[in-house]
Amino acid sequence: MAAVKYYVVWVGHQPGIYRTWADCQAQTKGYPQARFKSYESELEARQALEKGWQKSLNFSGKGGAAATSTGKTATPETTPEVDYNSISVDVGCSGNPGIVEYKGVDTKTGEIIFYQGPISKGTNNLGEFLAIVHGLAYLQKQGSNKTIYTDSVTALSWIRKKEVSTNLVRDASTEEIWTLVDRALKWLKTNTYTNKIMKWDTRKWGEIKADFGRK
């Protein structure tokens, strides 16, 4: 007789404790950055759920295997999967600062959804920031709650703060990109959205689907 297991879902469609692997999968499959693990007793599972996944998995934050509360290595169950029902954005920059272009693509097919450029002078980070906001505005018009993937940590932080931090001067040569950035900042401050904006894990998944291939 197979041993009974209790599956704790910390991050998923509906967090909680589940009695079957099928139920656990239903809550986590396709969910970006899902966190879950199986336990052999209900008590262990409830304690783990209360502690949270960071403590229960001793998460390192570096993308490697996580040690579990029992001292064993976490199984691949904790590895997040790509949500292919999403869009991915990336920037191409000839010089930094230099000519900037960006695009958004269907993560599954690679089909280009939107494209902007060339912008005469800007930076890689500003291009990444503009691509995310462009994606948010596009999805809002479509009435879509799709996830947006980006491989820029800096741009993600700017989106959260609703402000940019750059040394790019404002002058005639950068007027074009600054006009776009100011417009994007205004959009962020006057609109709401529920779309998730996720960091693309290049180490695990390869280059982001919108990559310009200029590295």
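Okay, let's start with one term: a residue is called buried when its relative accessible area is under 20%, exposed when that is over 50%, and partly exposed in between. Trp21 comes out at 33%, so Trp21 is partly exposed. Keep that scale in mind, and keep in mind too that what we're looking at is a predicted model.

Let's stay with Trp21 for a moment. How many aromatic pairs does the count come to? There are 9 of them. In one of these pairs, Trp21 sits with Phe36, with 6.1 Å from centre to centre and 35 degrees between the planes, and that arrangement is called tilted. If you're wondering about those two numbers, a pair of aromatic rings is described by how far apart the centres are and by the angle of the planes.

Where do the two partners sit? Trp21 is in helix α1, residues 21–28, and Phe36 is in strand β3, residues 35–39. They are 15 residues apart in sequence, so the pair ties those parts together. Now, is Phe36 buried or exposed? With a relative accessible area of 6%, Phe36 is buried, while Trp21 is partly exposed.

Phe129 and Trp158 are arranged edge-to-face, 6.2 Å from centre to centre with 70 degrees between the planes. Phe129 belongs to helix α4, residues 124–142, and Trp158 to helix α5; at 29 residues apart, they link distant parts of the chain. Both partners are buried: Phe129 has a relative accessible area of 0%, and Trp158 has 6%.

Lys37 lies over the face of Tyr39, 4.3 Å from the ring centre. Lys103 does this with Phe212, at 4.6 Å from the ring centre.

On to the salt bridges. How many does the structure hold? One joins Arg46 and Glu42, and their closest N and O atoms are 2.8 Å apart. Why do I bring up the helix here? Because both residues are in helix α2, residues 42–51, and 4 residues apart there means about one helical turn between them. Arg46 is partly exposed at 45%, and Glu42 is also partly exposed, at 35%.

The other salt bridge is between Arg170 and Asp182, where the closest N and O atoms are 2.9 Å apart. Arg170 is in the loop between α5 (153–161) and α6 (175–190), and Asp182 is in helix α6, so this pair ties together parts that are 12 residues apart in sequence. On our scale, Arg170 counts as exposed at 53%, whereas Asp182 is partly exposed at 34%.

Last, a few things in the backbone. Pro97 is in the loop between β4 (86–95) and β5 (98–106). Another cis bond runs from Gly117 to Pro118, with omega near -5 degrees, and Pro118 is in strand β6, residues 112–122.

Then there's Lys162, which isn't a glycine and yet has a positive phi of about 60 degrees. You'll find Lys162 in the loop between α5 and α6. Lys162 has a relative accessible area of 33%, so Lys162 is partly exposed.

Conventions: Residues numbered from 1 in each chain as written. Predicted model: local features only at pLDDT ≥ 70, side-chain atom pairs only at ≥ 80, totals over all residues. Heavy atoms only, no water. Salt bridge = Lys/Arg side-chain N within 4 Å of Asp/Glu carboxyl O. Helix = DSSP H or I, 4+ residues; strand = E, 2+ residues; numbered from the N terminus. Buried < 20%, exposed > 50% of the residue type's maximum accessible area, 1.4 Å probe, protein only. Phe/Tyr/Trp six-rings, centres within 6.5 Å; stacked < 30°, edge-to-face > 60°. Lys NZ or Arg CZ within 6 Å of the ring centre and 35° of its normal.
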